[in-house]
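This briefing concerns the pairing of strands and the packing of nonpolar residues. The chain in question is shown below.

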Amino acid sequence: DGSVELPVRDDVRSLVALREGAEMVVAVARSAAAWQDFWYAHVVKDVVLLEQVSSDGLHRFALLEAEELARAVLGATVRPDAGAAPTGAPVPVPAPTEDPTPPDEVLERLGAAFLRTDVVVRRVGDTDPPALTIFSGPGGCWLVEAAVAPRLAEPLDVETARARLSETLAGVRAELEVLRG
C-alpha cells in the first residue's frame, strides 16, 4: 500500500499529541528589518506548548502553565524598548499584502528598528478568528485590527497596545470556557 512505518520517540510523540489536542492556538508572525520568525502557543486545558520556528526552519519548544499565556504572548509581540505613544490621528493601512513594511507615516516614526507582529487567535471551530497587527519600536506602537474597516494603524502607548492584545486573548479563552460548559 506504499505506507512506511517509522519509530517515533516518546518526547516527539508527546509534542505532536499536545499540538493536535490544542483547543486554542495563538499564531504570531514576527518580522523585523533583518529577520522573520513564527511563534505559536498551543493551549491544551492548563498547559501551553510554545513553538518558535526560526527563519532557517529550526523548531524550539517550551512548556508553560496556561496562566503564563498572556505574559508569553505579550513578550513575543511588542518590542521591550517600544517608545512612548505617538501623537496624531490613525494612519490608513492599505489592503493586506505580502510586504511586512508598515505605512510610510508609521515607518517614518519607527525608523528601521521596528517589529511587525501579525497575531491570530484561533479556537477549535472558530470561523472568524481575531487578527491584529502590532508595529512597535522606539518610536511607539501602532495597532491594526483586521476585522475593522477601514483598516487603520491606531497610535497607542505600549501599555494600551498590550492591554488590547490581552483582552483579545481573554475573550477567546472565555469563549472556550463557555463551550466546555
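A hairpin connects strand 7 to strand 8 through two residues. The model is a predicted one.

**Strand 8 and its partners**
- Strand 8 spans residues 140–145, and five of its six residues are buried, so the strand is largely enclosed by the rest of the structure.
- Strand 7 (residues 131–137) pairs with strand 8 in the antiparallel sense over six bridges; within this pairing, leucine 132 has glutamate 145 of strand 8 as its bridge partner.
- Strand 8 also runs antiparallel to strand 9 (residues 152–156), to which three bridges join it.
- Glutamate 154 in strand 9 is the bridge partner of leucine 143.
- Six residues lie between strand 8 and strand 9, which form a hairpin.

**Nonpolar cores**
- The largest nonpolar core contains 30 residues, and those with the most contacts inside it are Met24, Val26, Trp39, Val48 and Leu69.
- Elements that each supply at least two residues of this core include strand 1 (24–31), strand 2 (36–44), strand 3 (47–53), helix 2 (69–77), strand 7, strand 8 and helix 4 (158–180).
- Helix 4 provides the largest share of this core, six residues.
- A second, separate core has nine residues, among them Val91, Val106, Phe114 and Phe135.
- In soluble globular proteins, nonpolar side chains tend to be buried together.

**Surroundings of leucine 69**
- Apart from neighbours within four places in sequence, leucine 69 is in contact with Met24, Val26, Ala41, Val43, Val48 and Arg173.

Definitions and conventions. Residues numbered from 1 in each chain as written. Predicted model: local features only at pLDDT ≥ 70, side-chain atom pairs only at ≥ 80, totals over all residues. Heavy atoms only, no water. Buried < 20%, exposed > 50% of the residue type's maximum accessible area, 1.4 Å probe, protein only. Helix = DSSP H or I, 4+ residues; strand = E, 2+ residues; numbered from the N terminus. Pairing = 2+ DSSP bridges. Core = buried A, V, L, I, M, F, W, Y, C linked by side-chain atoms within 4.5 Å. Contact = heavy atoms within 4.5 Å.
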